[in-house]
Amino acid sequence: MNANARRSAGWTVVNLVVVLYALFPVWWIAALSFKDPSTLTDGDFVPRRWTLENYRGIFRTSEFTRALLNSVGIAVIATTIAVALGTMAAYAVARLRFPGKRLLIGMSLLIAMFPPISLVSPLFDIERVLGLFDTWPGLIIPYMTFSLPLAIYTLSAFFREIPWDLEKAARVDGATPWQAFRLVIAPLAAPGVFTTGILVFIFCWNDFLFAISLTSTRAARTVPAAIAFFTGSSQFQQPTGSIAAAAMVITVPIVVFVLLFQRRIVAGLTAGAVKG
Amino acid sequence: MAELVLDGLTKHYPDGAVAVRGVDLTIGDGEFVILVGPSGCGKSTTLNMIAGLEDITAGTLRIGGRVVNDLAPKDRDIAMVFQSYALYPHMTVRQNMGFALRLARTDKAEIARKVEEAARILDLTDHLERRPAQLSGGQRQRVAMGRAIVRAPKAFLMDEPLSNLDAQLRVRMRTQIARLQRRLGTTTVYVTHDQVEAMTLGDRVVVMRGGVVQQVGAPQELYDHPVNLFVAGFIGSPAMNVLDATLENGALRTALGELPLPDGLRQQLERADAPRRVVVGIRPEHFEDAALLEHPRGGRTVTVGVEVVESVGSDVFAHFTVGTVGTVGAVGTVGAVGTVEGGREMVARIGTATRAAEGRPLELWVDTGRLHVFDPSTGATLTRPGR
Amino acid sequence: MTLTTTTRATRASAGSRQERRLGWLLCAPAVLVMAAVTAYPVGYAVYLSLQRYDLRFPQRARFVWLDNYVAVLSSPYWWQALSVTVLITAVSVTIELVLGLALALVMHRTILWRGAVRTAVLVPYGIVTVVSAYSWQYAWTPGTGYLAALLPPGSAPLTDHWQAIGLIILAEVWKTTPFMALLLLAGLALVPEETLRAAQVDGAGFGQRLRLVVLPLMKPAILVALLFRTLDAFRVFDDIYVLTGGSNDTGSVSILGYDNLFTALNLGIGSAISVLIFLCVAAIALVFVKVFGAAAPGGEAGGR
């Protein structure tokens, strides 16, 4: 075996270890979701009898379908608002000179570090008074707030990458600031905005603490919270299969996203990190 | 097309830094003017102020007789070529070139006609539907030029438009730009740090340093009569040799030996009330291998120890070092001239027939009639021809 | 001179005034939202923490000054939760740094299926924490899990204090190492290839290159990654909630706060805990910035 072949064999092993490490728990929950109740506790890594019964089961109950609707609706709305507000602020941060910019950056950094549990108690109380408790807006509001720093941070890094000269060129070409933004900057920033949208969506999709704290019924409970309240079909049955199936349903779309937009997500996650 | 008048144009930044200090300049209709200087000299800031991309702190700017200080770039009717070209990456060449016309709500057919004409002039017709990323560096540069010319603006502003090209292409594009400008006759302000571009392109050259205009003039005038040590050192390649000297009995005593002054120069120095300590400047081509001259007229022959001989085909450069006498410091602060430990590096440009060799002494003839003499304290020239 | 200064001061030209107004206008919505949803509630949390406020008896709420803090700080539960949190944070962040660095090096250097490796590594980042927590829980549950099957019979790792903490750390590490690795990878990309070649020519071996060239150049990226992950790990909640529910003294401060709010329904004590957690996080951030000199990311570095 020559050195080259040995090297590539070495890399194959290393890469294989990395891939297995990353995918093991995902495969496990997938395997569980396809097991029928009788083999659920056999500990086998590959289901002996494949079944879709767990999936049929959860989609039969409004407990899950409603939670899925809540998850999607709340995450999409919160993402849209956060990205819209974030785009405006990030453009200003990256491109304009104005007093108070540092304050904005400091403030969003502070919120990025903020422990959500510290906000749960006051928000719980305030939302009960305002009638927002256990409603969509009751979750959308904290989600978009906590994802705003992420959005501003990522987007301003994307905006900085757009050459400053392009905007000057547009202005010399006769564009107003608004036209320069709309015709030149916005089309170039679109991929960055999209990437930020994915990151923010993953952030909202992932939340658990707010979801269990600020909801009490299926009216606004999202899937992660609903899973935690799943009960078996009978009193003596663990809801393992249902939980596994529900977990797969909210995992697969994200994994597909990640597969499709791998490069962009890496760019988004690390944007600005190198400037530190 | 229009006349550009800069009257005391000044730029302060909020942090107190002064980028441009009172630039007065009148650029005639159709004139090609070069702003040149080392980086940070204020040339790009000046250009940006003309474009309206930077605010003017003080002074006035007129384009075609109209004060435009407070007009947005879009209302000034100027076109700009950027160093990075600043092509819109999401638009085709055609869309890039027609963008300004589109913003001005020009008729579609009219845009197409103008873009195609510009493309023809710049040999871009085959690339109109491509995007900038699919073009070579030279083609991108031409698109940037095309974007400027389709508009037929009052003036072209060019910010180091050739500095991203390789050496060969740069020379070719330089000629093209000169030809294009003559053909269109559009007033052009061109910023560069490359003195060769400055010398070859412009009708007039403005040398700037530290935000202050040092000298304005035709290229040859700058070369023959630099007003100070900075201009003398900046214009010309290789740079002018400078030496400390003392003025005694109508001759300059230098580390190179005593250089007698011809009458003309002596009168100029007297008129300028020259101090005793001066700095003398000698262009490399004002040396010659004494062995190649049959009848040297005037001048003086000195002996130097040649260290390096470089032949570039048409010429030979002989490098040598001379010791220093007197103060080097004064010159060091005024001129951009290299000094070495215990001496001053000098270079002579001599005929190819020379037999100069490294490590051997060489008899050099100095054309003393072409010497430049400067005041070491101010750097200003003392040898301005009387008028 | 006076003249120029005054002209400069009064002449904030139309352009820069317009720019300033646009800047404020664009930032205003984000600022308002962030202020309304965090600044106000934080103030409210402080206010609540000074009250005796039991949700079962809201009419009996009254102002008790720092009594709640005294109660929390003199309670063994708080110190137990704090020490568990600190332990989990310190151990998991340390492992993540080492593992993340190794992973970053693999992703940076690998010549084979680089895209596949990067994608695989992103999967843990994309997965909902609760989902991965359930996966781990089922893996370690005796009778169900393949991992539990590897253990000697009769062991129930999730019900033992130390083993459970180890498993919580494992779940945290799995979920967040990729993020760490990606941040470090970005830092790794900053190390110029030529510098590494130069070090190689100078006779530095792999270890020396890593220690003497790569790590010092990556320091800013490492510090930012550490800061983010430390603060993130300190709020650990989801994994513990699913894996152990905080039983056997495995609860973090976030779990403690949650239990006081929603199990004991004691808003006053819960708020006091919230405020204390906030202070801990602020202290950690301060230490990073002051001691390690981590530059605030997103600062003026890029400028315009």
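This is a predicted model: local features need pLDDT of at least 70, side-chain atom pairs count only at pLDDT 80 or more; totals for chains, interfaces and linings use all residues.
I'll start with chain A. Its secondary structure is 12 helices and 0 strands. Along the principal axes, the C-alpha atoms of chain A fill a box of roughly 75 × 75 × 30 Å. Chain A has 276 residues, and 51% of them are buried. As for contact order, take the contacts in chain A between residues at least 6 apart in sequence: 75% of those join residues at least 24 apart.

Next, the contact between chain A and chain C. Chain A puts in 88 residues and chain C puts in 90 residues. On the chain A side, the largest share comes from helix α1, residues 3–34, with 14 residues. By class, that side of chain A has 63 nonpolar, 20 polar and 5 charged residues.

How many residues are in the largest nonpolar core, and which of them touch the most other members? The core has 165 residues, and the ones that touch the most other members are A:A89, A:A247, C:L184 and C:L243. The element giving the most to this core is helix α7 of chain C, residues 161–188, with 17 residues. On the chain A side, both domain 1 (1–51) and domain 2 (63–270) give residues to the core, so it lies between those two domains.

C:L184 is worth a look on screen. Leaving out residues up to four places away in sequence, C:L184 touches C:G100, C:L101 and C:A104, and also C:M218, C:A221, C:I222 and C:A225. There is also a second, separate core of 106 residues, and its members include B:L9, B:V93, B:I149 and B:I350.

Now chain B. The domain assignment gives domain 1 as 4–229 and domain 2 as 235–374. Taken over C-alpha atoms, the centres of these two domains of chain B are 38 Å apart. Where they touch, 9 residues of domain 1 of chain B are in contact with 9 residues of domain 2 of chain B. On the domain 1 side, α6 (195–201) and α7 (219–224) of chain B each supply at least two residues. Of the elements there, α6(B) gives the most, with 3 residues. That side of domain 1 of chain B divides into 7 nonpolar, 2 polar and no charged residues.

Last item, the sheet in chain B. It is an open sheet of 6 strands with mixed pairing, and the strand order is β6-β7-β8-β3-β9-β10. Which strands stand at the edges? They are β6 (78–81) and β10 (212–217) of chain B; each has a single partner strand, so one side of each is left without a neighbour in the sheet. Direction ignored, neighbouring strands of this sheet are turned by 20 degrees against each other on average.

How values were computed: Residues are numbered from 1 along each chain as its sequence is written. Chains are lettered from A and ligands numbered from 1 in the order in which they are written. Two residues are in contact if their C-beta atoms, placed from the backbone, lie within 7 Å. Helices (H or I, at least four residues) and strands (E, at least two) are DSSP runs, numbered from the N terminus. Ala, Val, Leu, Ile, Met, Phe, Trp, Tyr, Cys and Pro count as nonpolar, Asp, Glu, Lys and Arg as charged, and the others, Gly among them, as polar. Two strands pair if DSSP finds at least two bridges between them. Axes are lines fitted to C-alpha atoms, for helices over the stretch in contact, and angles run from 0 to 180 degrees between N-to-C directions. A residue is buried if 20 or more other C-beta atoms lie within 10 Å of its own, exposed if 12 or fewer, and partly exposed in between; C-beta atoms are placed from the backbone. Domain bounds come from an automatic or database domain assignment. A nonpolar core is a set of buried Ala, Val, Leu, Ile, Met, Phe, Trp, Tyr and Cys residues joined through C-beta atoms within 7 Å.
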